[in-house]
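Below is a colleague's note for someone meeting this structure for the first time. Please read the points with the structure in view.

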Amino acid sequence: MAILEAENISKSFGKAEVLKDVTFSLEQGHALAIIGSSGSGKTTLLRCLNFLERPDGGVIRVKGEVLFDTNDPSTQSEAQIRKKRLHFGLVFQSFNLFPQYTALQNITLASELLAKEQNKKDPGKDNKRIDLKEIKEKALVLLDQMGLADKAGLHPYQLSGGQQQRVAIARALALEPDILCFDEPTSALDPELTGEVLRVIRSLAEKKTTMTIVTHEMAFARDVADEVIFLDDGVIVERGKAVDVIENPQQERTRQFLSRFSQD
């Protein structure tokens, strides 16, 4: 069953059409890799799915619920968009951790703010202290899963790039999103640190975490993703099983891209 359905997603910046009627779906528990050249629209597509950019056209559904429809103004209010972002967790290229907070605080911050907001809405329930305690305990478990149990009290500047990115992954997981999204999660890392982040993502795939991964790591996409989309000039040129697209592409444009990539 498709957990995510994107239909005819389009996005322009000025006169530049970045996405042109992109349509695809993602099954529950699957990992989808999005590959393509720089400027092909990969990151813009991910940002549209997360509502960091508003699509100019199209429909986005999660679990059959319409989250965004450019023909339905009721889906486009800022309050609605803010709530619907919770369906997605996004891990950025450059970590985007708050430097003034510890690793633990970076993970708990969003959950604590949501809990406090909910407690204000329902003051009859005196469960604020319990909520915050549970949030901290959950964050510590996530840090342990990332291999960072001993780094909870450290600030980002005290962590390596790979450790910072693992904290960012834990932060995205803390809100229990339906779909975890990665935007080239290793592009800001030294080659020596890339492996530790890819191992974490691989372990999430083995646990059947639903993921969308924009990546330039072709071998990783082949081995970890269930499906691959090759995006070129804002259009899906080829889509299929990861191993088929990477090792035996059917479209000439895909073959050209993968041939150049293997030579870099």
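1. Helix 3 provides the largest share of the lining of the largest pocket, namely 8 residues. Helices (H or I, at least four residues) and strands (E, at least two) are DSSP runs, numbered from the N terminus. A pocket is an open set of points on a 1 Å grid over the protein atoms alone, where a 1.4 Å probe fits, with protein on both sides within 12 Å along at least five of seven lines, and lining residues have an atom within 4 Å of a point.

2. The model is predicted, so local features need pLDDT of at least 70 and side-chain atom pairs count only at pLDDT 80 or more, while totals for chains, interfaces and linings use all residues. Residues are numbered from 1 along each chain as its sequence is written, and side-chain values use heavy atoms, with hydrogens and water left out.

3. The largest pocket holds about 1000 Å³ of space, a volume being the space filled by probe spheres set on the points. It is lined by 27 residues, of which Arg82, Arg85, Leu86, Ala110 and Leu175 are the closest to its centre. Helix 2 (78-84), strand 6 (88-91), helix 3 (103-121) and helix 5 (161-174) each contribute at least two residues to this lining.

4. The second largest pocket has a volume of about 210 Å³, and among its 14 lining residues Leu173, Glu176, Pro177, Leu204 and Thr209 are the closest to its centre. Helix 4 (128-145) and strand 7 (179-183) each supply at least two residues of that lining.

5. Neighbours within four places in sequence aside, Ile169 is in contact (heavy atoms within 4.5 Å) with Val91, Met146, Phe182, Val197, Val200, Ile201 and Leu204.

6. With a disulfide taken as a pair of cysteine sulfur atoms within 2.5 Å, the count comes to 0 disulfides. The sulfur of Cys48 has its closest cysteine sulfur 12 Å away, in Cys181, which is too far for a bond. Cys48 is buried (under 20% relative accessible area, with a 1.4 Å probe and protein chains only) at 1%, and Cys181 is buried at 0%.

Note on methods
Buried < 20%, exposed > 50% of the residue type's maximum accessible area, 1.4 Å probe, protein only.
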